[in-house]
Amino acid sequence: MIKDVEILVIGAGPAGLCAAKAAAGLGAQVLVCERDELPGGQLVKQTHKFFGSEKQHAGDRGYLIGQELVEEVTNNPNITLWTDTTVLGAYEDGIITCLHDEQHVKIRPQKTIIATGASEKFLMFPGNDLPGIYGAGAVQTLMNVAGVKPAERVVMVGAGNIGLIVSYQLLQAGVQVAAVVEAAPNIGGYLVHASKLRRAGVPIRTSYTVKEAFGKDTLEGVVIQALDEKWQPIAGTEETIECDTLCLAVGLTPLTEIAWQAGCDMAFIRELSGHVPILNDNLETTVPGIYVAGDADGIEEASAAMVEGRLAGCAAAGALGHDPEEAAKQVEAARADLDELRSGPTGGKIRAGIKKMHETKEAMNNAQ
Amino acid sequence: MRMENHPVLEFQRGDKVTFFYNGTPMEGYTSETVAAALHSAGIRQLGHSQNLNRPRGLFCAIGNCSSCFMTVDGEPNVRICVTKVREGMKVEEQHGKGVVRL
Ligand SMILES: Cc1cc2nc3c(=O)[nH]c(=O)nc-3n(C[C@H](O)[C@H](O)[C@H](O)COP(=O)(O)OP(=O)(O)OC[C@H]3O[C@@H](n4cnc5c(N)ncnc54)[C@H](O)[C@@H]3O)c2cc1C
């Protein structure tokens with residue numbers, strides 16, 4: 001049997017939830033598939049007060065923002081939310097399959113919004129496969145979702161926002177943070193988070209990297225090493241730090257399998273942190289009717305993911321004939337909000353990435 | 001170890017259940033994943049790699065990476081980071097690729 005739906009949203013993180021809400025608000029019928037048991041995406045584990053503009057919930061704790069969105073979506077009669085449902089494949093004839101209630105279900109959506117988020121990047125060094133080496137998000141999930149003290153003594157790799165925030169949350173959970181190790185000469189994350197760590201006595205070792213990890217059955221320690229201006233290791237600067245856990249917070253990369261399968265044109269764009277689908281101003285891919293929003297089209301922030309979701313949701317609903325005038329207005333408003341979020345120095349990278357994406361699209365069109 | 005007092009969060013763990021890890025009875029809660037229950041008991045080594053037999057543990061905890069595959073109630077390649085514990089569940093270290101039951 002094939003299930004017909006107007007709009008299918010894949011992923012119930014901030015992008016997917018906002019897409020569903022926006023499309024349903026214009027009158028579309030929406031099905032949201034979320035592989036986790038809990039909707040909310042990365043928000044469910046964010047206990048810190050969010051950064052971002054006030055309009056986009058700055059100052060609220062991430063998990064509370066998530067709860068609010070989930071409630072709105074659950075109470076909306078136009079939206080069906082399937083949790084514990086992993087989307088498996090996208091086929092040439094427009095069928096999308098998922099595993100729901102232990103059943104292989106075929107869905108025929110008129111429009112699809114992919115909002116699958118991202119996965120954590122890995123680092124190369126000897127011993128990097130030992131138990132006790134995690135993505136920073138994994139430790140955050142264990143600690144903030146499951147309520148398990150995930151470690152006794154941690155070394156964190158990466159002083160971007162995620163590395164700094166998770167280090168602080170580890171301290172809150174009663175875990176020792178032996179050091180934050182950062183290859184760049186500067187701290188990448190916001191200084192408020194860095195100073196909180198410094199006040200707690202956690203050293204932030206910039207221009208350092210992990211040389212190797214060791215341990216018999218699980219991690220027992222790491223060797224760190226200084227880097228020169230050319231990012232080359234400096235012999236003789238090795239230091240051993242005993243720890244039972246190493247967390248990698250070295251960036252995220254978009255989860256794009258479904259877009260690849262659907263045949264969307266893709267490009268590698270460093271500023272967007274990996275292979276991303278080529279999108280137009282409505283966030284529609286080169287396969288008509290398939291949209292992508294949130295971290296899945298380039299790593300940014302929850303605030304931008306929410307607005308992108310709204311944009312894609314309105315564009316998809318409008319294209320299906322649901323209140324097209326109002327939809328167009330809301331699409332314009334979302335575009336303006338995105339421009340505002342991406343203005344200023346922190347938006348530079350994402351602006352450059354999107355520019356590259358459009359240039360790649362033009363180059364592809366010209367080559368045809 | 002399960003945390004009782006957290007400065008920001010409160011945890012709802014659900015009902016207490018007994019499950020089996022390599023035959024040993026263990027305590028878990030219905031809202032916990034197998035990975036969380038094993039971690040609270042200090043078990044972080046979940047298996048061994050197929051070719052070099054190196055120890056393997058959890059990496060992503062959200063069902064992306066397949067580092068945490070174990071055999072659950074006879075079914076191999078179960079991502080225990082996204083699988084909830086159930087009363088009487090049998091969780092075992094997996095050897096090799098496993099054979100999928102049809
Ligand atoms: C430690 C940390 C701190 C952060 N702090 C901030 C902050 O202060 N401010 C800020 O703006 N941002 C912050 N962020 C970033 C923010 O959380 C993310 O940018 C945002 O969650 C991205 O939203 P998303 O909806 O695109 O993806 P996600 O939140 O990752 O959601 C994607 C969802 O899709 C689901 N999914 C994936 N594949 C499938 C599939 N095949 N089938 C079904 N479902 C699937 C996933 O389970 C997930 O629920 C932080 C992130 C981290 C890790």
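Predicted model: local features only at pLDDT ≥ 70, side-chain atom pairs only at ≥ 80, totals over all residues.
1. By residue class, the lining of the second largest pocket is made up of eight nonpolar, four polar and eight charged residues.

2. Chain A has an open sheet of five strands, which can be followed in the order β8-β15-β9-β10-β11 (chain A), and the pairing in this sheet is parallel. The strands at its edges are β8 (133–135) and β11 (204–206) of chain A, each of which pairs on one side only. From one strand of this sheet to the next, the twist averages 20°.

3. Within that sheet, it is worth looking at one pair of strands in detail. Strand β9 (residues 153–157) of chain A is paired in the parallel sense with strand β10 (residues 176–182) of chain A, and five bridges link the two. At one place in this pair, Arg153(A) stands opposite Gln176(A), a residue of β10(A). Helix α4(A) packs on the sheet, where it touches β9, β10 and β11 of chain A, and the direction of α4(A) makes about 170° with that of β9(A).

4. For helix α4 (residues 161–172) and helix α5 (residues 191–199), both of chain A, the axes come within 9 Å and cross at roughly 35°. The crossing in which α4(A) passes α5(A) is left-handed.

5. Which residues meet where α4(A) and α5(A) are in contact? On the side of α4(A) they are Asn161(A), Leu164(A), Ile165(A), Ser167(A), Tyr168(A) and Leu171(A), while α5(A) brings His193(A), Ala194(A), Lys196(A) and Leu197(A). Sorted by class, the residues of this contact divide into six nonpolar, three polar and one charged.

6. Another open sheet in chain A has three strands in the order β12-β13-β14 (chain A), and here the pairing is antiparallel. Because β12 (208–214) and β14 (239–242) of chain A stand at the edges and have a single partner strand each, one side of each is left without a neighbour in the sheet. If direction is ignored, neighbouring strands of this sheet are turned by 30° against each other on average.

7. Strand β13 (residues 221–226) of chain A runs antiparallel to β14(A), and four bridges join the two strands. In this pairing, Gly221(A) has Glu242(A) of β14(A) standing opposite. The loop between β13 and β14 of chain A contains Trp231(A), whose phi is near 65°, a positive value in a residue other than glycine.

8. A positive phi is also found elsewhere in chain A, at Ser273(A), where the angle is near 75° in a residue other than glycine. Ser273(A) is placed in the loop between β17 (266–269) and β18 (274–277) of chain A.

9. Turning to chain B, strand β5 (residues 69–72) and strand β6 (residues 75–79) of that chain run antiparallel and are joined by three bridges. Val72(B) has Glu75(B), in β6(B), as its bridge partner. What value does phi take at Asp73(B), in the hairpin of β5(B) and β6(B)? In this hairpin, which has two residues between the strands, Asp73(B) takes a positive phi near 45°.

Note on methods
Residues numbered from 1 in each chain as written. Chains lettered and ligands numbered in written order. Heavy atoms only, no water. Pairing = 2+ DSSP bridges. Axes fitted to C-alpha atoms, helices over the stretch in contact; angles between N-to-C directions. Nonpolar A, V, L, I, M, F, W, Y, C, P; charged D, E, K, R; others polar. Left-handed = near helix turned anticlockwise from the far one by under 90°. Contact = heavy atoms within 4.5 Å.
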